[in-house]
Amino acid sequence: MRKNIVATGIIFHVFLLVIVFGFYQVYVSVGNIHPYRSFLATSGPLDLDENPDMLEKTYAQHAEENTETLTQIKLLRAQVQSFNETVQTLLRRLSVQEGKVQEVKVQEVKVKPIVNVVPSFPNESLPRPQNCVHLAKAPPGVTICTHDAKEDVWISGAIQGNNLWEDDLTMYMLSVLKEHPNMQLVDLGANVGEYTLMAASLGRHVVAVDILDSNIQLLQHSLKLSNLSHLVTVVKNAIYRDRSLKLGFKTYSGNIGGTAVVENPVDGDVVQSICMDDLIPLVKSKSVYVKMDIETSEHHALACGKEFFSSLDVKVIQMEWSGKTEQAATEIEEFADKFGYTTHVLRAGHLIRENIEVKFHGDYFFIKI
């Protein structure tokens with residue numbers, strides 16, 4: 001009688017394992033079908049390790065009588081473990097590919113051929129990985145790669161010293177983004193990416209524009225190391241008043257961040273100019289914060305951005321102000337009046353209303369009421 005009960009118990013458990021194994025095969029199969037992809041991504045492997053252990057312990061004493069059954073149970077357990085390992089490998093591959101899939105989607109956006117959208121992840125190794133550090137005041141895991149501090153004294157030097165290059169300005173941008181949950185950043189003159197990384201760390205999409213290959217290479221590595229590549233569209237162009245120009249560079253020793261574009265270059269590297277209007281297809285939200293630090297070319301950018309500011313809700317323009325001419329200041333004032341912006345400066349974390357002064361050195365904030 002006892003033998004019959006044990007045999008019946010063994011058969012019942014084997015039958016139960018076969019059913020579970022069948023469901024497991026269906027689970028693996030449907031996990032590759034697109035509508036159920038989220039099910040695969042959020043579900044873990046089947047945890048059947050405990051049951052075979054329990055069966056082995058319970059029926060070990062009957063091994064001589066049930067050797068074939070016990071062998072089948074062990075074999076089934078090994079197969080389930082193998083399937084679990086396969087599922088875990090697939091999940092890891094899916095997570096790695098996610099950022100690349102997002103990047104492909106960005107590349108598929110229809111933009112003018114002259115708009116040079118480059119990958120937001122690197123395709124070559126970094127010459128000096130030791131210059132990649134945690135970005136001060138950013139969440140854990142946000143890493144920024146910089147130039148050597150000897151070659152870029154101000155920006156890279158500050159970041160390597162565990163500081164933000166523009167602490168109060170960056171913190172103000174973050175406060176505005178937090179106040180407007182749907183707002184994204186358009187970073188004109190992204191440099192090594194202090195503003196871009198900070199905004200992306202909030203989960204916001206960013207269009208980051210720069211003219212230097214070296215800056216873009218560092219930004220690509222920073223985004224990869226910080227797992228933020230899928231949130232940033234990187235553009236290598238000069239933002240100018242004319243989209244048909246090949247512009248040259250004006251560089252300064254020890255200050256890579258001061259690199260400016262010049263018309264009619266005689267020799268050396270060149271960069272294609274585009275208009276702010278050309279960036280519209282890349283912007284994912286109507287609500288926008290624009291940061292402009294493009295080394296005295298700000299008035300040129302505004303001159304070719306009428307559609308940008310008409311079609312998007314640009315609540316804040318943060319503009320570096322240095323070396324402006326009377327003509328440039330006049331053009332910027334006329335732009336501000338036309339689009340309903342008032343001019344402010346940031347003092348002790350608070351905006352103070354001030355009129356434009358040509359000789360002012362710092363950042364003006366143009367606020368739309």
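User: Does aspartate 187 count as buried or exposed, and at what relative accessibility?

Analyst: Aspartate 187 counts as buried, at 0% relative accessibility. Buried means under 20% relative accessible area, exposed means over 50%, and partly exposed is in between, with a 1.4 Å probe and protein chains only. Accessible areas come from the Shrake-Rupley method with a 1.4 Å probe, and for residues only the protein chains shown count as cover. This is a predicted model, in which local features need pLDDT of at least 70 and side-chain atom pairs count only at pLDDT 80 or more, while totals for chains, interfaces and linings use all residues. Residues are numbered from 1 along each chain as its sequence is written, and side-chain values use heavy atoms, with hydrogens and water left out.

User: With which residue does aspartate 187 form a salt bridge?

Analyst: Side chains of opposite charge can pair when their charged atoms come close. The criterion is a side-chain nitrogen of Lys or Arg within 4 Å of a carboxyl oxygen of Asp or Glu. Here the partner of aspartate 187 is lysine 291, with the closest N and O atoms 2.8 Å apart. The pair links distant parts of the chain, 104 residues apart: lysine 291 is in strand E11 and aspartate 187 in strand E4 (residues 184-188). Such elements are DSSP runs numbered from the N terminus: helices (H or I) have at least four residues and strands (E) at least two. Lysine 291 counts as buried too, at 4% relative accessibility.

User: How many salt bridges does the structure hold?

Analyst: The structure holds ten salt bridges. One of them joins the side chains of lysine 236 and aspartate 213 at 2.9 Å, N to O. Lysine 236 lies in strand E6 (residues 232-236) and aspartate 213 in helix H8, so this pair ties together parts that are 23 residues apart in sequence. Lysine 236 is buried, with a relative accessible area of 17%.

User: Which residues are linked in a network of salt bridges?

Analyst: Arg128, Asp148 and Glu151 are. In the salt bridge between arginine 128 and aspartate 148, the closest N and O atoms are 3.7 Å apart. Arginine 128 is in the loop between strand E1 (117-118) and strand E2 (132-134), and aspartate 148 is in the loop between strand E3 (143-145) and H5, 20 residues apart. Both ends are partly exposed: arginine 128 at 32% relative accessibility, and aspartate 148 with a relative accessible area of 21%.

User: How much space lies in the largest cavity?

Analyst: Rolling a probe the size of a water molecule over the atoms shows where empty space is left. On a 1 Å grid over the protein atoms alone, a cavity is a set of points where a 1.4 Å probe fits but cannot get out; a pocket is an open set with protein on both sides within 12 Å along at least five of seven lines; lining residues have an atom within 4 Å of a point. Grid points are joined across faces, edges and corners, and a volume is the space filled by probe spheres set on the points. The structure holds three cavities of 30 Å³ or more, and about 340 Å³ of space lies in the largest cavity. Of the 29 residues that line the largest cavity, Gly189, Ala190, Asn191, Asp210 and Asp293 are the closest to its centre. H7, strand E5 (206-210), strand E7 (238-239) and E9 each give at least two residues to that lining.

User: How many residues of helix H7 are buried?

Analyst: Seven of the eight residues in H7 (residues 194-201) are buried, which leaves the helix mostly covered. After H7 comes glycine 203, with a positive phi near 85°.

User: Which residues lie nearest the centre of the largest pocket?

Analyst: Trp165, Glu166, Glu320, Ser322 and His361 do, among 25 lining residues. The space in the largest pocket is about 530 Å³. Its lining has ten nonpolar, seven polar and eight charged residues, where Ala, Val, Leu, Ile, Met, Phe, Trp, Tyr, Cys and Pro count as nonpolar, Asp, Glu, Lys and Arg as charged, and the others, Gly among them, as polar.

User: Where is tryptophan 165 found?

Analyst: Tryptophan 165 is in the loop between helix H5 (155-160) and H6. Tryptophan 165 is partly exposed, with a relative accessible area of 35%.
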